[in-house]
Amino acid sequence: MAVKGIVFVKFNEFIEELWGEEFWDTLLDEANLPSEGIYTTVGTYDDEELFTLVGLVVEKQNISAKDAQFAFGKWVFKELFNAAPAGAHDFKDVFEFLHAVQDFIHVEVKKLNPDALLPEFEFLSETPTTLTFHYQSPRKLCYFCEGIVYGLAEHTEQKIAVSQIECEHRGDQRCVLEVVKV
Ligand code: HEM
């Protein structure tokens with residue numbers, strides 16, 4: 001499966017911001033990637049390259065894959081937001097925004113980049129303070145998704161807690177994220 005270049009370009013920026021250019025170069029040396037790590041936002045690259053790079057970060061920085069994905073997701077929200085299609089900037093509430101991602105934002109992204117592979121959110125329950133949704137993607141990046149939701153809440157200046165009441169990585173059938181306004 002292929003990932004749009006923007007994810008790679010942003011991952012590169014994220015790593016350099018945290019650990020510097022030299023660390024990124026060390027990763028590329030060791031990863032031996034088909035693309036050689038020369039990423040552009042208009043390109044499309046193999047999913048596996050991202051997983052290889054994340055794997056090396058986990059090994060070298062002694063953090064869990066979960067923490068690495070989460071931190072990248074939290075960081076990348078503002079970058080996605082800045083690149084978002086027209087009309088995506090008017091939502092002021094986390095829950096409203098999450099619905100908009102499923103109903104409109106990712107739909108527009110897909111129209112602009114037909115080869116983009118986007119997750120599906122199936123909303124399961126909602127009260128004024130708690131929203132649950134099923135995160136569905138062959139990529140199984142649920143921790144990344146949790147991180148993006150936190151990044152979104154920073155943007156809307158709302159205090160939230162995100163957890164997974166079901167998670168494939170814990171042996172459940174699916175991943176269900178619960179977002180609580182605290
Ligand atoms: C700010 C507006 C947003 C824009 C413009 C946007 C755009 C994108 C783009 C371009 C990708 C990469 C697709 C590919 O590589 O093929 C992506 C992936 C993803 N997005 Fe969004 N996104 C936005 C908001 C969100 C939010 C708020 C969430 C969290 C609920 C989210 C969850 C994800 C996840 C988890 C992926 C990884 C792919 C996967 O899981 O299969 N996005 N998005």
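Where does Lys140 lie? Lys140 is in the loop that runs between strand S4 (130-136) and H6. The model described here is predicted.

## Lys140 and its surroundings

With a relative accessibility of 37%, Lys140 counts as partly exposed, because that class covers values between 20% and 50%. Once neighbours within four places in sequence are set aside, Lys140 is in contact with Tyr135, Glu168 and His169. Lys140 and Gln173 are 33 residues apart in sequence, and their C-alpha atoms are 12 Å apart in space.

Not counting residues up to four places away in sequence, Tyr135 touches Pro119, Glu120, Phe121, Lys140, Leu141, Cys142, Cys145, Cys175 and Leu177.

## The nonpolar core

Tyr135 is also one of the residues with the most contacts inside the largest nonpolar core, together with Phe11, Leu53, Phe133 and Val179. This core has 53 residues. Helix H6 (residues 142-156) supplies the largest share of the core, eight residues. Domain 1 (2-63) and domain 2 (72-181) each contribute at least three residues to this core. In soluble globular proteins, nonpolar side chains tend to be buried together.

## Aromatic pairs

How many aromatic pairs does a search of the whole structure find? The search finds 18 aromatic pairs. One of them joins Phe8 and Tyr39: the ring centres are 4.4 Å apart and the planes stand at 35 degrees, so this pair is tilted. The pair links distant parts of the chain, with Phe8 in helix H1 (residues 5-19) and Tyr39 in the loop between helix H2 (21-31) and strand S2 (44-46), 31 residues apart. Phe8 is buried, at a relative accessible area of 0%, and Tyr39 is buried as well, at 11%.

Another pair is formed by Phe77 and Phe97, whose ring centres are 5.7 Å apart; the planes are at 70 degrees, so the pair is edge-to-face. Phe77 belongs to helix H4 (residues 65-82) and Phe97 to helix H5, and this pair too links distant parts of the chain, 20 residues apart. Both Phe77 and Phe97 are buried. Elsewhere, ring pairs join Phe11, Phe14, Trp24, Phe72, Trp75 and Phe144 into a cluster.

## A charge over a ring, and the iron site

The ring of Phe95 has the charged end of Lys181 sitting over it, 4.1 Å from the ring centre.

Which residue is the donor from the protein to the iron atom of the ligand? The single protein donor is His106, through NE2, at 2.2 Å. His106 lies in helix H5 (residues 94-112).

Note on methods: Residues are numbered from 1 along each chain as its sequence is written. This is a predicted model: local features need pLDDT of at least 70, side-chain atom pairs count only at pLDDT 80 or more; totals for chains, interfaces and linings use all residues. Side-chain values use heavy atoms; hydrogens and water are left out. A nonpolar core is a set of buried Ala, Val, Leu, Ile, Met, Phe, Trp, Tyr and Cys residues joined through side-chain atoms within 4.5 Å. Buried means under 20% relative accessible area, exposed over 50%, partly exposed in between (1.4 Å probe, protein chains only). Helices (H or I, at least four residues) and strands (E, at least two) are DSSP runs, numbered from the N terminus. Domain bounds come from an automatic or database domain assignment. Contact means heavy atoms within 4.5 Å. Donors are N, O and S atoms within 2.8 Å of the metal (3.2 Å for Na, K and Ca); water is not among the atoms, so sites may look incomplete. Rings of Phe, Tyr and Trp (its six-membered ring) pair if their centres lie within 6.5 Å; planes under 30 degrees apart count as stacked, over 60 as edge-to-face and the rest as tilted. A charge sits over a ring if NZ of Lys or CZ of Arg is within 6 Å of the ring centre and within 35 degrees of the ring normal.
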